[in-house]
Amino acid sequence: MKNSGLLLVISGPAGAGKGTVVSKLVKDENIRLSISATTRAPRGKEENGREYYFYGREQFEKMISENGFIEYAQYLENYYGTPKRPVEEWRKEGKDVILEIEVQGCEKVKNSVPDCISIFIMPPSMEILEKRLRGRGTETEENIQKRMKRAKEELALAKNYDYVVVNDTLEDCVENVKAIITAEKLSSQRLSFDI
Ligand code: 5GP
């Protein structure tokens with residue numbers, strides 16, 4: 001029997017470099033990235049259906065009532081949620097699926113999908129985190145301050161994750177996440193033996 005794909009939940013404060021790490025991981029054709037829905041406005045060159053599905057509040061709430069999300073959460077003033085159907089279909093096909101979501105969402109996924117693997121991407125320091133956030137050039141000062149405050153709260157929750165990977169050098173961080181995926185695939189708990 002073919003094993004179903006892994007469900008990887010990747011979190012970490014905004015500016016920790018999760019997005020870059022994930023973009024390297026999805027170069028593997030066995031890995032899919034779930035595209036979330038959000039009520040926040042597109043940032044920079046973001047496009048509907050590529051980085052996010054940009055929904056109105058009403059549309060988002062309708063999808064909640066139809067049980068269309070694996071999880072959803074509020075982050076700052078907006079909703080963010082993981083559409084259920086693509087994730088389930090990919091896993092059935094044996095693809096590994098990555099959810100790049102914040103900490104409350106991870107808690108909810110752990111409850112509904114207990115075999116998920118959670119990975120926290122840690123910035124090397126708060127100074128570097130702030131520098132990276134400012135370097136984006138897409139955030140207002142107020143937003144940077146809010147994101148830094150939220151980052152501190154999130155860092156305190158890293159210990160609840162299965163794995164913590166520091167994003168100091170991008171290549172090392174990606175290699176470490178790949179090593180986790182390899183090890184999890186070899187876990188006796190997951191393997192179904194044909195002999
Ligand atoms: P941003 O506005 O920077 O794109 O995302 C803000 C935060 O929301 C990030 O920590 C990101 O990982 C998280 N996020 C993105 N999509 C989802 C989702 O579907 N569910 C949850 N719970 N968080 C999400």
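**Notebook: the ligand and its pocket**

I began with the secondary structure around the ligand: strand 5 (69-75) and strand 6 (78-83) each give at least two residues to the shell. The model is a predicted one, and I read the entries below with that in mind.

I then looked up the shell itself. It holds 16 residues, and the closest to the ligand are Ser36, Arg40, Tyr52, Tyr80 and Glu102. By class I noted seven charged, five nonpolar and four polar residues in this shell.

Tyr80 has a side-chain N or O atom 2.6 Å from an oxygen atom of the ligand. For Glu71, a side-chain N or O atom lies 2.7 Å from a ligand nitrogen atom. The side chain of Arg43 places an N or O atom 3.2 Å from an oxygen atom of the ligand. I also looked up the cover: of the 510 Å² of accessible area that the ligand has on its own, the protein covers 96%.

Which pocket does the ligand take up? I found that its space is the largest pocket. I recorded a volume of about 820 Å³ for the largest pocket. Its lining counts 35 residues, with Lys18, Gly19, Arg43, Tyr52 and Glu100 closest to the centre.

I went through the elements that give two or more residues to this lining, and they are helix 1 (18-25), strand 5, strand 6, helix 5 (126-136) and helix 6 (141-155). Helix 1 supplies the largest share, five residues. My last entry is the lining by class: 13 charged, 12 nonpolar and 10 polar residues.

Note on methods:
Residues are numbered from 1 along each chain as its sequence is written. This is a predicted model: local features need pLDDT of at least 70, side-chain atom pairs count only at pLDDT 80 or more; totals for chains, interfaces and linings use all residues. Side-chain values use heavy atoms; hydrogens and water are left out. A residue is near a molecule or strand if one of its heavy atoms lies within 4 Å of it. A polar contact is a pair of N or O atoms within 3.5 Å; within protein, one must be able to donate a hydrogen and the other to accept it, and residues adjacent in sequence count only if both atoms are side-chain atoms. Accessible areas come from the Shrake-Rupley method with a 1.4 Å probe; for residues, only the protein chains shown count as cover. On a 1 Å grid over the protein atoms alone, a cavity is a set of points where a 1.4 Å probe fits but cannot get out, and a pocket is an open set with protein on both sides within 12 Å along at least five of seven lines; lining residues have an atom within 4 Å of a point. A molecule sits in a cavity or pocket if more than half of its atoms lie within 2 Å of its grid points. Helices (H or I, at least four residues) and strands (E, at least two) are DSSP runs, numbered from the N terminus. Ala, Val, Leu, Ile, Met, Phe, Trp, Tyr, Cys and Pro count as nonpolar, Asp, Glu, Lys and Arg as charged, and the others, Gly among them, as polar. Grid points are joined across faces, edges and corners, and a volume is the space filled by probe spheres set on the points.
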